[in-house]
Amino acid sequence: MNMLKSSDLSWSTILGYGVGHIFNDICASMWFTYLLLFFQKVLYFQTVDSGVLLLVGQIADGISTTIVGILASKLSNLFFCRKYGGRKSWHLIGSACVLVSFPFIFLPCIGCETALRGTQMFYYSCFIILFQFGWACVQISHLALVTQLSDKGETRTLLTSLRYLGTVVANVLVYAVTWLFFGLEGGNNDISSKDSEKFRNVMLVGVGVGCVTTALFHILVREPDTRSFQQEFLVLIVDYW
């Protein structure tokens, strides 16, 4: 509470920043916890195929993080970035990519449920790659915004703490919603294709909450004048060490 009082930011900006990464956190929680379960138990993918899709996602994440980190600083003065803010622009682009890709990962292959496994693998890989690119855009831009919002170490600590608090809240939310859809029913608890709608419902709740928190972030947080991403990350690293 004392840290909040001594902050040079308004409470609305602090709150807005604190919820700005929750959409990413919800998706990450579902990705690491339920992806393999969904593909193996609901879609009946082979263990190797499910693992390959997970690997595709992790490779795409590593490549996307590197590419976004380079491009974010070079393209921050292009298009509407100058008016809206470089970091918020990348955050918005990433959120849009996540929104149009993540839901399809936890749905049966639309129009290709009976297609060859290779076709379905390609279908899911496309959405996974787009999702990981969007996830990287949000992660990098949200973290870089810390040093843009405040020069005070106490405020930066507060913002970073709220960011990780959001991660905890997102994980608890995902597990609680999953329990509501799966845990309240008696009888056989084995997961099968008949549970496809339950996974869809968990995903829709997560996406809904993520859209609301992302909207709050863009409404409440106003990005100050730009400073290069290299400078921001350098300051962030110096503060950390």
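Trainee: At roughly what angle do the axes of α3 and α7 cross?
Mentor: Good place to start: this is a predicted model, where local features need pLDDT of at least 70, side-chain atom pairs count only at pLDDT 80 or more, and totals for chains, interfaces and linings use all residues. Axes are lines fitted to C-alpha atoms, for helices over the stretch in contact, and angles run from 0 to 180 degrees between N-to-C directions. The axes of α3 and α7 come within 11 Å and cross at roughly 155°.

Trainee: Are α3 and α7 roughly parallel or roughly antiparallel?
Mentor: Angles under 35 degrees count as roughly parallel, over 145 as roughly antiparallel, 65 to 115 as roughly perpendicular and the rest as oblique. The crossing angle is roughly 155°. Therefore α3 and α7 are roughly antiparallel.

Trainee: Which residues of α3 make the contact with α7?
Mentor: Contact means heavy atoms within 4.5 Å. Residues are numbered from 1 along each chain as its sequence is written, and side-chain values use heavy atoms, with hydrogens and water left out. On the α7 side you will find Y124, I128, F131, Q132, W135, V138 and Q139; from α3 come N24, C27, A28, W31 and F39.

Trainee: How many helices does the chain have?
Mentor: Helices are DSSP runs (H or I, at least four residues), as are strands (E, at least two), and they are numbered from the N terminus. The chain has zero strands, and its count of helices is 10.

Trainee: What share of the residues count as buried?
Mentor: Buried means under 20% relative accessible area, exposed means over 50%, and partly exposed lies in between (1.4 Å probe, protein chains only). Of the 241 residues in the chain, the buried share is 46%.

Trainee: What is the C-alpha to C-alpha distance between F182 and K198?
Mentor: F182 lies in helix α8 and is buried, with a relative accessible area of 15%. Leaving out residues up to four places away in sequence, F182 touches I191, D195, K198, F199 and V202. F182 and K198 are 16 residues apart in sequence, yet their C-alpha atoms are separated by 7.2 Å.

Trainee: What is the phi of Y44, roughly?
Mentor: Y44 sits in the loop between α3 and α4 (47-74), where it is partly exposed, with a relative accessible area of 48%. Most residues other than glycine have a negative phi. Y44 is not a glycine, yet its phi is positive, at about 60°.
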